[in-house]
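Colleague: I am new to reading models of this kind, and I would like to go through one slowly with you. Could we take one feature at a time, with the general idea before the particular case?

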Amino acid sequence: MKNQLKVLRAMRSWSQADLGEHLDVSRQAVNAIETGKYDPSLPLAFKISRLFALPIEEIFDDEFEGAHND
Amino acid sequence: MTNLKERTMTDADNMANNNGLRRLWMMFSGIGIIMISGAISGYLSQRDAQGDGPLTTLDVSILGLFAAVILVLAFAIWRLFQQTKQSGERVPRRERLNNRIIWGCGIFGGIIGLTLALTGNMEAANEPSPFASGPMSPMLALILAVAIGVVLPAITFYWHKHVVDEQEDAAYRAGALIAIYAFWFGAPVWWFLWRGGILPQPDGVPLYFMTAFIALIVWFWKKYR
């Protein structure tokens, strides 16, 4: 899933390890989420959302177009 | 002005990658020490079996070469460890715990591996093989059984409860799923081919190693790709 994690992290000058520390996950997990190789669970997505004070849908993009056609 | 996207890979991320490589080399060096120790043990056992006398100059040269390689690998581990320590890399809590457990297990596994290599138990009937199923002393068998059957499950339970995060958990599950399917399909295939006289009788040891190896490879790929 595409996301803004890398950009949000860079805006705070955080390394992957810094973000991993904040989320209590490994650097590999941060890297896998950033590169779209792993989709976080709902609890972790909420944790990310709270950390950056942004709604989940502003951080993650599931590329679903259906909602725009309604 | 630096583009945001260009800044996303920080120096700290690069440092972490370098330290990851260093840890990998430390692991390979440790395995190398165990394998060369096994080679020394095998060489001496072969001399004993042939009833050779005192060590010749050639024997001393060969054993000296093995010992020198062990020393070089031991020095490499020490040096890489120092470099990792001096890098001042920030490591998340789970990874710190992970690294401590890996070091503990590495030392524990190294002691077991060295014991097996030096007592010649990795060889059965002069047939060097990691799949050897030759006899070993009851004491060594008991020690290994307790290590694998009691110590390892306790460490594994702690590992999954306190160290593994959800991404690694998913990697483990993918590895376990593919490995169990490989076992479910691989074992009967071998069994049928044995009944057809094409392969030797099925053996649980290579099947065990195949299952573990597949789980490990998939876990590694899913976690680090």
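Colleague: How much area do chain B and chain A bury between them, and what share of it is on carbon and sulfur atoms?

Modeller: Please keep in mind throughout that this is a predicted model. As a general idea, the size of an interface is often given as the accessible area lost when the parts come together. Here chain B and chain A bury about 2,200 Å² between them, and 48% of that area is on carbon and sulfur atoms. The contact draws 24 residues from chain B and 26 residues from chain A.

Colleague: How many salt bridges are there between chain B and chain A?

Modeller: To read such a pair, look for a side-chain nitrogen of Lys or Arg within 4 Å of a carboxyl oxygen of Asp or Glu. Between chain B and chain A the count is 4 salt bridges, while over all chains the count comes to 8. One of the pairs is E21(A) with R96(B), whose closest N and O atoms are 3.4 Å apart. E21(A) belongs to helix α2 (residues 16-23) of chain A and R96(B) to helix α4 (residues 93-118) of chain B, so this pair joins two chains. Another salt bridge links R93(B) to D24(A), with 3.1 Å between the closest N and O atoms.

Colleague: At what angle do α2(A) and α3(A) cross?

Modeller: The axes of α2(A) and helix α3 (residues 27-34) of chain A cross at roughly 105 degrees and come within 8 Å, which makes α2(A) roughly perpendicular to α3(A). The contact brings Q16(A), A17(A), L19(A) and G20(A) of α2(A) together with R27(A), V30(A), N31(A) and E34(A) of α3(A). Its classes are 3 nonpolar, 3 polar and 2 charged residues.

Colleague: In chain B, are α6(B) and α7(B) roughly parallel or roughly antiparallel to each other?

Modeller: Begin again with the angle, which is about 150 degrees for helix α6 (residues 166-195) and helix α7 (residues 204-224) of chain B, with their axes 7 Å apart. Angles over 145 degrees count as roughly antiparallel, and α6(B) and α7(B) are therefore roughly antiparallel to each other. The contact involves, among others, A171(B), I178(B) and F183(B) of α6(B) and L207(B), I214(B) and W219(B) of α7(B). By class, the residues of this contact divide into 16 nonpolar, 3 polar and 3 charged.

Terms used. Residues numbered from 1 in each chain as written. Chains lettered and ligands numbered in written order. Predicted model: local features only at pLDDT ≥ 70, side-chain atom pairs only at ≥ 80, totals over all residues. Heavy atoms only, no water. Axes fitted to C-alpha atoms, helices over the stretch in contact; angles between N-to-C directions. Helix = DSSP H or I, 4+ residues; strand = E, 2+ residues; numbered from the N terminus. Parallel < 35°, antiparallel > 145°, perpendicular 65-115°, else oblique. Contact = heavy atoms within 4.5 Å. Nonpolar A, V, L, I, M, F, W, Y, C, P; charged D, E, K, R; others polar. Buried area = accessible area lost by both parts, 1.4 Å probe.
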